[in-house]
Amino acid sequence: MKEIQIDPEISEFLNSYTIDYPNEEEMETSIEYILSQVPQKKKRFASFKTSAQTIIANSLREMLMFNWTFWALNSVFLFFGIMSLTVFQTDPYLTLFALAPMPFIAGIFEILKSQHAGLTELEMTLKYNAHQIVSSRLLVVGVFNLFINAAITALCLQVDPGLIFSKLLLSWTIPYVLVSGIAFLIAMSMKSNMVSSVLLTVWFVFCYVMIQTPVTQEFLMQLNGFKAAAFIMAGVIIWIVHIVKIKTFNIRSQGI
Amino acid sequence: MKLTLENVTKTFGDKRAVDGVSTELTNGVYGFLGANGSGKTTLMRMLATVSTPTSGRITLNGNDIFQLGDSYRDLLGYLPQHIGYYKHFTVEKFLFYIASLKGMDKHGAKQRITELLDRVNLTEKTKVKIGKLSGGMKQRVGIAQALLNDPKILIVDEPTAGLDPKERIRFRNLLSEIAQDRIVLLSTHIVSDIEYIAKEILIMKNGRLIEKNTPQKLMEGIQQQVWKVQVNDREVASYQSSYKVGNMVRGSNGVELRIISERKPAGDADHTPVNLEDLYLYYFDKEAGA
Ligand SMILES: Nc1ncnc2c1ncn2[C@@H]1O[C@H](COP(=O)(O)OP(=O)(O)O)[C@@H](O)[C@H]1O
Ligand SMILES: [Mg+2]
């Protein structure tokens with residue numbers, strides 16, 4: 001190994017540089033500053049973690065408080081889904097597409113029931129407050145819907161192993177993310193507890209018209225990855241807006 | 001415990017619903033008295049963290065209540081002026097649900113619910129759906145939910161609305177019993193609700209806190225302006241048009257009027273001990289509540 005030789009000129013040049021060491025006081029202030037920054041970040045993360053834990057812990061209770069009509073309605077959807085896939089042999093992609101947002105739309109009624117019942121003001125003052133309650137209900141409905149969609153996808157593959165998995169996946173992800181986002185947007189501005197029924201009807205009509213119209217059917221069948229990603233992105237953006245809205249809703253809520 | 005309001009203001013557009021309220025509240029019952037639209041609800045909502053002040057600060061023992069977040073809400077019991085219910089829930093289920101949202105465990109909640117349903121006289125309705133209850137019963141469910149977590153700060157906005165006189169007395173007794181070691185804020189336009197239990201009365205007018213004092217002091221303050229005068233039937237109308245007239249008592253020789261006035265309304269008028277209704281009349285120029 002060769003020893004590294006530093007050019008004397010460079011060495012001189014380097015030596016001409018003096019480093020200003022900070023004095024004690026400066027050092028202390030910097031350390032204090034850094035310390036003040038570190039726990040802040042940690043604290044923020046910790047508070048995010050506890051609030052996420054709270055929402056998850058509360059979702060079990062919220063689920064138990066759901067009205068039986070939510071579960072009954074979903075059983076009906078599931079039953080018709082299974083029937084149409086097995087007995088009536090409908091197009092699996094279209095069937096998945098139509099079924100995908102239904103549990104969520106049916107669940108909006110539960111998610112927003114505080115508003116409809118006139119309990120939001122009280123819930124804002126509870127330890128687990130209105131925004132945590134709404135978040136917990138969203139979580140229940142969202143996860144339940146995901147579960148249903150996964151189950152039907154599995155069923156589709158069972159019925160016809162020749163189906164393309166990625167296409168099945170896209171068939172339900174788009175309505176699951178985008179249609180639910182739009183439905184929730186409409187629902188938030190509706191004061192009526194009829195919101196789920198109204199939106200479900202709209203969705204039925206939409207699906208019926210779509211299935212009757214070859215052009216839209218074609219469009220759906222020919223969705224490529226890029227177009228699908230655009231739809232899903234749009235859905236994700238709508239949901240981010242919703243989540244921000246829900247988080248701040250105890251201070252800017254309904255004109256209070 | 002000390003709740004401090006520093007120049008608390010809430011505006012809706014141009015409207016100043018609460019206008020620069022500064023005060024300090026410690027343990028005991030505070031009665032907020034004010035006409036409709038005077039800002040009681042808006043102020044209570046801020047104290048219950050339902051809405052934030054447009055400007056000013058509310059602190060508990062020096063800490064901003066909005067910063068305290070759930071550790072403040074943990075101390076809070078709140079009955080909104082207008083409250084709804086999940087109609088399909090039974091009374092018991094509703095109270096259990098609220099208890100769990102207040103972070104209470106199941107066992108503690110059960111005991112507390114039994115106890116409170118007894119206190120608000122609803123034990124027989126435990127298993128009844130809330131949708132089937134009368135307005136007064138619903139209001140009592142509302143009172144019970146506010147008390148579930150044994151709140152150190154109890155805020156009740158017109159809690160006696162819809163209660164019959166007997167229930168009102170029950171409620172008043174309940175409050176005075178628990179008020180020793182907590183802050184109780186009660187708004188009303190019915191003076192008898194707070195007559196005997198309020199440590200202090202806060203009088204709101206057009207969003208401003210115009211008086212805050214013990215009932216005794218407030219009444220002493222207007223002692224020189226409360227009169228009693230005997231008139232005959234024909235004179236009543238003319239007195240009513242020129243003075244604030246409170247109670248009228250028909251006697252054998254005409255009518256005895258209570259009059260709020262800076263100057264003596266008649267030669268034979270006498271001073272008479274002040275009551276809270278006179279106070280209300282003095283500030284609000286309106287019929288005092290029962
Ligand atoms: N959300 C709101 N938007 C607009 N104005 C409001 C709102 N809440 C209250 N106000 C107005 O503020 C004033 C005070 O109302 P409030 O606090 O309800 O009085 P009180 O409870 O004493 O009857 C009223 O003039 C009312 O119209
Ligand atoms: Mg009010």
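**View 1. Pairing of T4(B) with T59(B), its bridge partner in β4(B).** The model shown is predicted, with local features reported at pLDDT of at least 70, side-chain atom pairs counted only at pLDDT 80 or more, and totals for chains, interfaces and linings taken over all residues. Residues are numbered from 1 along each chain as its sequence is written, chains are lettered from A and ligands numbered from 1 in the order in which they are written, and side-chain values use heavy atoms, with hydrogens and water left out. Strand β1 (residues 3–12) of chain B runs antiparallel to strand β4 (residues 55–60) of chain B, and the two are paired over 5 bridges. L3(B) has L60(B) as its bridge partner in β4(B). Helices (H or I, at least four residues) and strands (E, at least two) are DSSP runs numbered from the N terminus, and two strands are said to pair if DSSP finds at least two bridges between them.

**View 2. The open sheet of chain B, with its 4 strands in the order β2-β1-β4-β5.** The pairing within this sheet is antiparallel. Because β2 (15–25) and β5 (63–64) of chain B stand at the edges with a single partner strand each, one side of each is left without a neighbour in the sheet. β4(B) and β5(B) are joined in the antiparallel sense over 2 bridges, and T59(B) finds its bridge partner in β5(B) at D64(B). The hairpin of β4(B) and β5(B) has 2 residues between the strands, and N61(B) takes a positive phi near 45° there.

**View 3. Strand β11 of chain B and its antiparallel pairing with β13 and β14.** Chain B is divided into domain 1 (3–215) and domain 2 (223–273), with bounds that come from an automatic or database domain assignment; the centres of these two domains, taken over C-alpha atoms, are separated by 37 Å. Strand β11 (residues 226–231) of chain B is joined by 6 bridges to strand β13 (residues 254–260) of chain B, and Q230(B) has E256(B) as its bridge partner in β13(B). Strand β14 (residues 270–271) of chain B pairs with β11(B) over 2 bridges, where W227(B) has H271(B) as its bridge partner.

**View 4. The interface between chain A and chain B, with 25 residues of chain A in contact with 30 residues of chain B.** Contact here means heavy atoms within 4.5 Å. The two chains bury about 2,400 Å² between them, 61% of it on carbon and sulfur atoms, where buried area is the accessible area (1.4 Å probe) that two parts lose on being put together, summed over both. The count between the chains is 1 salt bridge, and the side chains of E121(A) and R45(B) meet in a salt bridge at 2.9 Å, N to O. On the side of chain A that touches chain B, α2 (24–65), α6 (113–117), α7 (120–123), α8 (130–159) and α13 (249–252) each supply at least two residues.

**View 5. A salt bridge within chain A, between the side chains of E62(A) and R137(A).** A salt bridge is a side-chain nitrogen of Lys or Arg within 4 Å of a carboxyl oxygen of Asp or Glu, and the N to O distance for this pair is 2.8 Å. The pair links distant parts of the chain, with E62(A) in helix α2 and R137(A) in helix α8 of chain A, 75 residues apart. Over all chains, a search of the whole structure finds 18 salt bridges.
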